[in-house]
Amino acid sequence: MSVCPGCRLELPDERRTSNETRYNASPECLRLSGEVAAFNHAHPARLAVWHQTCVDAYGAQHVSAGTKPIAVAFALNGLYLVFERGFTGLQARNAHGYLADTVPSWPRFTPPDNVGMVTVFDVTMASSVGEHIDLVQTWGRSVWAAWSHVHHEIATMTDAQLGSWHPRS
């Protein structure tokens with residue numbers, strides 16, 4: 001078995017290798033992330049608004065000491081914007097575009113010991129688009145809850161940085 005160093009998901013070892021360095025993830029877990037992204041792109045009318053939430057949940061579950069601070073901050077403020085402020089994933093992505101140009105340096109956040117009980121594997125088990133949406137929401141909420149030790153800091157930082165900026169519909 002292969003154990004993902006980020007989310008600790010155990011998967012059959014496929015003897016894969018990966019040159020991907022953005023995520024603290026096993027090649028098998030990365031493959032599942034690609035499957036979720038492909039499913040999102042195959043159903044854009046209903047899933048485009050959830051793609052960024054998948055990216056943010058995955059990113060927040062796969063943090064290492066070498067992960068760039070902006071990547072962690074964006075994953076967490078994306079989850080905050082969706083699950084606390086009611087943004088869609090597309091609106092959170094647009095907020096990332098705005099924030100990228102407004103902050104000279106990003107703080108480091110220490111990952112929790114447990115990064116959430118729901119993983120990308122659970123989302124791959126969806127049997128329909130509707131179930132996929134439900135599982136993405138469950139996954140995102142699980143990951144956001146796991147990072148509860150930084151909720152106040154993320155909310156304060158994100159709200160201050162966004163200021164009067166509002167997403168386009």
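**Note on helix packing, salt bridges and core**

1. Glu35 is partly exposed, with a relative accessible area of 38%. Here buried means under 20% relative accessible area, exposed means over 50%, and partly exposed lies in between, using a 1.4 Å probe and protein chains only. The model is predicted: local features need pLDDT of at least 70 and side-chain atom pairs pLDDT 80 or more, while totals for chains, interfaces and linings use all residues. Residues are numbered from 1 along each chain as its sequence is written, and side-chain values use heavy atoms, without hydrogens or water.

2. Glu35 has a salt-bridge partner in Arg31, and their closest N and O atoms are 2.3 Å apart. A salt bridge requires a side-chain nitrogen of Lys or Arg within 4 Å of a carboxyl oxygen of Asp or Glu. Both residues sit in helix H1, four residues apart, or about one turn of the helix. Helices are DSSP runs (H or I, at least four residues), numbered from the N terminus. Arg31 is also partly exposed, at 27% relative accessible area.

3. How many salt bridges does a search of the whole structure find? The search finds two. Besides the Arg31 pair, Asp159 bridges to Arg85, with 2.6 Å between the closest N and O atoms. This pair links distant parts of the chain, 74 residues apart. Asp159 belongs to helix H7 (residues 151–162), and Arg85 to the loop between helix H3 (69–83) and helix H4 (89–100). Asp159 is partly exposed at 31%. Arg85 is partly exposed at 35%.

4. Helix H1 (residues 27–42) and helix H2 (residues 44–61) have axes that come within 7 Å and cross at roughly 155°. Axes are lines fitted to C-alpha atoms, for helices over the stretch in contact; angles run from 0 to 180 degrees between N-to-C directions.

5. Which residues of H1 and H2 meet? H1 brings, among them, Cys29, Leu30, Val36 and Phe39; H2 brings Pro44, Leu47, His51, Cys54 and Tyr58. Contact means heavy atoms within 4.5 Å. The H1–H2 contact has ten nonpolar residues, four polar and no charged ones. Ala, Val, Leu, Ile, Met, Phe, Trp, Tyr, Cys and Pro count as nonpolar; Asp, Glu, Lys and Arg as charged; the others, Gly among them, as polar.

6. The largest nonpolar core has 53 residues; Leu76, Phe109, Trp139, Trp147 and Ile154 touch the most other members. Such a core is a set of buried Ala, Val, Leu, Ile, Met, Phe, Trp, Tyr and Cys residues joined through side-chain atoms within 4.5 Å. H1, H2, H3, H4, helix H5 (120–124), helix H6 (129–146) and H7 each supply at least two residues. H3 gives the most, with ten. Beyond four places in sequence, the contacts of Phe109 include Val72, Leu76, Trp147 and Ile154.

7. Gln161 touches Tyr98, Leu99, Val103 and Trp106, not counting residues up to four places away in sequence. Thr110 lies in the loop between H4 and H5 and is exposed at 59%. The C-alpha atoms of Thr110 and Asp122 are separated by 25 Å, with the two residues twelve apart along the chain.
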